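Visitor: I have a structure to look at and some questions about it. Please show it to me first.

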Amino acid sequence: MTNFSGRVAVITGAAKGIGRAMAQQFAQRGARVAVLDIDTEAAAQVAQTIRQHGGDALSLFADVTDPTTLSHAAAEVQKAYGRTDILCCNAGIYPQAFLETMTEADWDKVHAVNLKGMFLTVQAFLPMLKQSPYGRIVLTSSITGPITGFPGWAHYGATKAGMLGFMRSAAIELAKYGITVNAILPGNIETEGLGDIGEEYRRQMEAVIPFKRLGKPEDVAYAALFFASDEASYITGQTLIVDGGQILPESSLALEGI
Ligand code: NAP
């Protein structure tokens with residue numbers, strides 16, 4: 001697969017979990033990487049670790065709900081690296097809230113980060129992506145929303161399905177610049193964010209995943225590498241599920257004896 005030497009990858013929510021794995025994987029394959037996050041300390045640590053392993057990375061504060069911080073980050077990437085070829089819109093939150101008690105603020109916050117944040121991120125980096133001969137946008141959606149549901153995640157599922165609606169129109173609009181727009185739909189991935197959800201949730205999920213394990217952040221990062229590769233230059237507006245087969249069983253009977 002493509003070596004990303006000479007290319008620049010920008011990843012939001014890259015201080016932890018899936019975003020950190022994306023940053024590490026792009027860096028290992030030669031890309032210069034901008035690690036964007038609200039957690040500046042953890043982001044700086046990710047960038048430093050990449051540099052210690054011989055890669056090139058910088059960390060920047062960017063709150064995807066705030067266009068000012070995004071344009072500042074874009075200007076810093078432009079100054080340091082002069083370009084953006086790959087944009088991974090990965091920052092997302094998944095606090096649980098049940099419909100009977102969900103507040104308007106709960107709804108708005110999840111939409112602000114997951115859906116509007118994606119749009120604002122794309123807009124901030126689009127001028128640089130347009131200049132790239134290898135422009136790629138990779139969205140981190142989820143199986144939750146586009147395919148499955150889970151109590152407490154109606155607002156979250158709405159944002160993750162909304163990302164796919166955005167993707168399809170954006171893919172058409174940006175095709176004239178040679179930019180592809182694709183989405184990854186992770187299942188349950190072992191990250192800091194999911195860790196908060198608890199041991200019982202984890203046990204139950206492992207029981208219904210044919211591979212009998214949660215995914216690793218790298219499993220998702222490899223899909224991002226593929227969408228960003230030269231080999232995927234004719235693929236746009238598409239989704240790739242990375243879930244160890246979680247969505248496949250028709251019922252619990254399908255999992256008996258495996
Ligand atoms: P994570 O471990 O919580 O890491 C997400 C990172 O994003 C954190 O560093 C977080 O900072 C940061 N962040 C939060 N709000 C932000 C904002 N407004 N602007 C910029 N950065 C922000 O999450 P993850 O599990 O890796 O999830 C990453 C993405 O994958 C999300 O879009 C999520 O919906 C999606 N996803 C995850 C799973 C899963 O099983 N883990 C499954 C499907 C989809 P703080 O920690 O300080 O908040």
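Visitor: How many charged residues does the lining of the largest pocket have?
Guide: This is a predicted model, where local features need pLDDT of at least 70, side-chain atom pairs count only at pLDDT 80 or more, and totals for chains, interfaces and linings use all residues. Residues are numbered from 1 along each chain as its sequence is written, and side-chain values use heavy atoms, with hydrogens and water left out. Sort the lining into classes: Ala, Val, Leu, Ile, Met, Phe, Trp, Tyr, Cys and Pro count as nonpolar, Asp, Glu, Lys and Arg as charged, and the others, Gly among them, as polar. The lining then has 21 nonpolar and 19 polar residues, and the charged ones number 8.

Visitor: How much space lies in the largest pocket?
Guide: On a 1 Å grid over the protein atoms alone, a pocket is an open set of points with protein on both sides within 12 Å along at least five of seven lines, and lining residues have an atom within 4 Å of a point. Points are joined across faces, edges and corners, and a volume is the space filled by probe spheres set on them. For the largest pocket that space is about 1200 Å³.

Visitor: Which residues are closest to its centre?
Guide: The lining of the largest pocket holds 48 residues. The closest to the centre are Gly 92, Ile 93, Tyr 94, Tyr 156 and Thr 191.

Visitor: Which element gives the largest share of that lining?
Guide: Helices (H or I, at least four residues) and strands (E, at least two) are DSSP runs, numbered from the N terminus. Helices H1 (17–28), H4 (104–131), H5, H6 (192–195) and H7 (199–208) give two or more residues each to the lining of the largest pocket. The largest share, 4 residues, comes from H7.

Visitor: Which element gives the most to the lining of the second largest pocket?
Guide: That pocket holds about 160 Å³ of space. Its lining includes Phe 119, Gln 123, Phe 166 and Glu 173. H4 and H5 each supply at least two lining residues. The most, 5 residues, come from H5.

Visitor: What is the volume of the largest cavity?
Guide: Rolling a probe the size of a water molecule over the atoms shows where empty space is left. A cavity is a set of points where a 1.4 Å probe fits but cannot get out. The search of the whole structure finds 1 cavity of 30 Å³ or more. The largest cavity has a volume of about 40 Å³.

Visitor: How many charged residues line the largest cavity?
Guide: Thr 12, Cys 89, Asn 114 and Met 163 are among the residues lining the largest cavity. H4 gives the largest share, 5 residues. By class there are 6 nonpolar and 5 polar, and the charged count is none.

Visitor: Is His 155 buried or exposed?
Guide: His 155 sits in helix H5 (residues 154–174). Buried means under 20% relative accessible area, exposed over 50%, and partly exposed in between (1.4 Å probe, protein chains only). His 155 has a relative accessible area of 1%, so it is buried.

Visitor: Which residue's backbone oxygen does the side chain of His 155 reach?
Guide: Contact means heavy atoms within 4.5 Å. Leaving aside neighbours within four places in sequence, the contacts of His 155 include Ala 97, Asp 106 and Trp 107. At 3.2 Å, its side chain reaches the backbone oxygen of Pro 95.

Visitor: What is the relative accessible area of Ala 31?
Guide: Ala 31 lies in the loop between H1 and strand E2 (32–37). Beyond four places in sequence, its contacts include Phe 4, Phe 26 and Asp 56. Ala 31 is buried, and its relative accessible area is 2%.

Visitor: Is Pro 146 buried or partly exposed?
Guide: Pro 146 is in the loop between strand E5 (136–140) and H5. Not counting residues up to four places away, it touches Lys 160 and Leu 185, among others. At 28% relative accessibility, Pro 146 is partly exposed.

Visitor: What is the radius of gyration of the protein chain?
Guide: The chain has 8 helices and 7 strands. The radius is taken over C-alpha atoms, and the globule rule is 2.2 Å times the number of residues to the power 0.38. For 258 residues the rule gives 18 Å, and the chain is close to that, so it is as compact as a globular protein of that length, with a radius of gyration of 18 Å.

Note on methods:
Polar contact = N/O pair within 3.5 Å; in protein donor to acceptor, adjacent residues only side chain to side chain.
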